[in-house]
Every structure is written in structure tokens, then in C-alpha cells.
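Welcome! Take a moment to look over the sequence and the 3D view, and then follow the briefing below.

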Amino acid sequence: MKTVLRRLSAVLLSAALLAPVPAALAASAAPAVPVALTAQDEATVAKVEEYLNGIVNLQSKFLQVAPNGRQATGTFYLSRPGKMRLEYDRPLKDFIVADGSFVFYWDGEMRQQSSAPIGSTLADFILRKTIRLSGDVTVTEVFQAPGVIEVSLLETKDPGKGTLTLVFEDRPFQLRKWRVLDAQGLTTEVALLNPRTDVTFERDMFYFKEPARGSDFGRNN
């Protein structure tokens with residue numbers, strides 16, 4: 001059972017916005033070609049940019065669905081620019097921290113840490129200081145339905161990293177979920193449950209610290 005959970009955790013974490021794409025896959029991808037946006041689409045993209053740039057701190061419970069349908073829950077913390085943390089509920093003991101420069105992944109069962117530069121992950125789209133959905137970011141689709149807006153993005157020079165789709169509630173306008181289509185064609189979805197922006201965080205929230213034995217997340221130990 002523990003082995004199954006560890007594998008599930010690795011799948012969830014590696015696909016959920018933060019995983020770097022293998023260099024061989026990224027190198028083989030041609031630069032992305034922007035789609036033609038209508039005036040309404042352009043207005044929507046500008047609205048998304050304004051909203052994302054307005055976020056300083058955000059905290060939310062989340063529900064994550066892996067490509068095989070397995071689910072996990074936890075808490076998501078965001079402090080722009082550059083910082084993010086995901087902590088999964090038990091029985092998983094894995095967590096992810098972005099400290100402004102690197103993304104760190106802690107495998108709780110194996111007690112092993114791995115890391116990658118933020119710029120090599122899809123997290124860079126929303127962690128950068130100024131978010132512009134143009135230039136080095138290509139908008140591939142804008143979808144609107146009653147109460148829902150979806151904007152799909154990829155990195156212009158390295159589309160092989162995958163596609164990130166941000167899903168917004170229209171009224172009030174706020175981020176409610178994201179989907180990642182990775183380089184292997186697998187989709188992982190993370191839904192935010194009751195997100196809050198009126199929050200502050202402890203200084204050590206976004207620094208990686210190896211957990212002491214018996215401590216789950218490497219904070220306050």
C-alpha cells in the first residue's frame with residue numbers, strides 16, 4: 001500500500017504545474033505559433049493578466065485529479081512573485097516549495113529531495129513578477145461559457161513543456177482551477193476550494209527545510 005501511495009504521489013506532484021520537461025522533448029519542439037484572437041478574446045486575456053498581477057498572497061484547499069483518476073487533497077499557498085507551496089493531506093507526506101529561484105520536491109516516504117529552476121517548469125507562468133500572456137508565453141485558446149473562462153497557454157520557444165489551462169469563475173472573477181497537459185499527453189487537474197487572498201504567511205513558509213523524522217512538512221521543526 002505504501003508503495004502505491006508513493007507512486008501516486010510522484011505522479012500527482014510531477015504533473016501538477018511544477019515538473020520540468022525532459023530536455024530531449026523540449027529540444028524537439030518547434031516554436032509555438034499564436035492563434036488569432038478576437039477582440040473579445042484579447043479583452044479576456046487582458047482581464048486575466050490584470051487579475052493575476054493583482055494577486056499577492058493566496059491560500060486555498062485543493063483537490064487534485066491525476067491522469068489515472070486518482071485523487072488527492074491538500075493546501076496550496078502562493079506568494080507572488082516567485083513563491084509557492086503545496087502540502088498534501090495524509091497519508092501523503094510529500095510537499096513542493098518554490099522559493100523564488102528553485103522548485104523543491106520532497107518525497108516523504110523515500111526521504112529524498114530533488115529540485116529544478118523555476119524557469120524550467122510551468123509554474124514560471126504565474127510566479128514571475130509581471131505576468132504578460134504574450135511574447136515568451138503563447139495563448140493557444142480562449143474559451144468562454146456562462147460563468148466560466150478558460151485560457152490555455154504554453155511557452156513560445158519550448159511548447160514541449162506542455163500546456164497550462166487556467167480556469168476562472170466569471171462572477172466574481174477568480175482562479176478556480178488549472179489543468180496541465182504534459183509532454184507525454186497526460187492531463188492533471190487541480191481545483192481550488194474556497195481560495196482566499198486576505199492572508200499572510202510565516203517567513204519560513206517558502207523555504208525548503210528537510211523535515212525532521214516524524215514531522216510532515218519541514219516547517220516548525
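With which residue does Arg 176 form a salt bridge? The partner of Arg 176 is Glu 169, and their closest N and O atoms are 3.1 Å apart. A salt bridge here is a side-chain nitrogen of Lys or Arg within 4 Å of a carboxyl oxygen of Asp or Glu.

Before going on, please note that this is a predicted model, in which local features need pLDDT of at least 70 and side-chain atom pairs count only at pLDDT 80 or more, while totals for chains, interfaces and linings use all residues. Residues are numbered from 1 along each chain as its sequence is written, and side-chain values use heavy atoms, with hydrogens and water left out.

**The chain as a whole**

- The secondary structure comes to 4 helices and 11 strands; helices (H or I, at least four residues) and strands (E, at least two) are DSSP runs, numbered from the N terminus.
- Of the 221 residues in the chain, 48% are buried. Buried means under 20% relative accessible area, exposed means over 50%, and partly exposed is in between, with a 1.4 Å probe and protein chains only.
- Among contacts with a separation of 6 or more, 51% come from residues 24 or more positions apart; a contact means heavy atoms within 4.5 Å.
- The chain exposes about 11,100 Å², with carbon and sulfur atoms supplying 53% of it. This area comes from the Shrake-Rupley method with a 1.4 Å probe.

**The sheet and a helix across it**

- An open sheet of 11 strands runs in the order β6-β5-β4-β3-β2-β1-β11-β10-β9-β8-β7, with antiparallel pairing. Its edge strands are β6 (112-117) and β7, each of which pairs on one side only.
- From one strand to the next, the twist averages 20°. Two strands pair if DSSP finds at least two bridges between them.
- Strands β10 (residues 174-181) and β11 (residues 187-196) run antiparallel and are joined by 5 bridges. Trp 178 has Val 190 in β11 as its bridge partner.
- Antiparallel pairing over 8 bridges links β7 and β8. In the hairpin of these two strands, 2 residues sit between the strands, and Gly 147 takes a positive phi near 85°.
- Ala 145 lies in strand β7 (residues 137-145), and its bridge partner in β8 is Val 148. Ala 145 is partly exposed at 30% relative accessibility, and its C-alpha atom is 9.3 Å from that of Asp 170, 25 residues apart along the chain.
- Helix α3 (residues 39-54) lies across β7, β8 (148-155), β9 (163-169) and β10, running at about 105° to β7. Axes are lines fitted to C-alpha atoms, for helices over the stretch in contact, and angles run from 0 to 180 degrees between N-to-C directions.

**Charged pairs**

- The structure holds 11 salt bridges. Side chains of opposite charge can pair when their charged atoms come close.
- Returning to the opening pair, Arg 176 counts as partly exposed at 25% relative accessibility, and Glu 169 is partly exposed at 24%.
- Glu 87 forms a salt bridge with Arg 85, with the closest N and O atoms 2.6 Å apart. Both Glu 87 and Arg 85 are buried.
- Asp 136 forms a salt bridge with Arg 128, the closest N and O atoms being 3.1 Å apart. Asp 136 is partly exposed at 41%, whereas Arg 128 counts as buried at 18%.
- A network of salt bridges links Glu 150, Lys 177, Arg 179 and Glu 189.

**A buried serine**

- Ser 60 is in strand β1 (residues 57-65) and is buried, with a relative accessible area of 2%.
- The side chain of Ser 60 reaches the backbone oxygen of Leu 193 at 3.0 Å.
- Leaving out residues up to four places away in sequence, Ser 60 touches several residues, including Gly 74, Phe 76 and Asn 194.

**Backbone details**

- A cis peptide bond, with omega about 0°, joins Arg 80 and Pro 81. Pro 81 is found in the loop between β2 (71-79) and β3 (83-88).
- The peptide bond from Arg 171 to Pro 172 is cis, with omega near -5°, and Pro 172 lies in the loop between β9 and β10.
- Asn 194 has a positive phi of about 55° although it is not a glycine. Asn 194 is in strand β11 and is exposed, with a relative accessible area of 64%.

Notes
A polar contact is a pair of N or O atoms within 3.5 Å; within protein, one must be able to donate a hydrogen and the other to accept it, and residues adjacent in sequence count only if both atoms are side-chain atoms.
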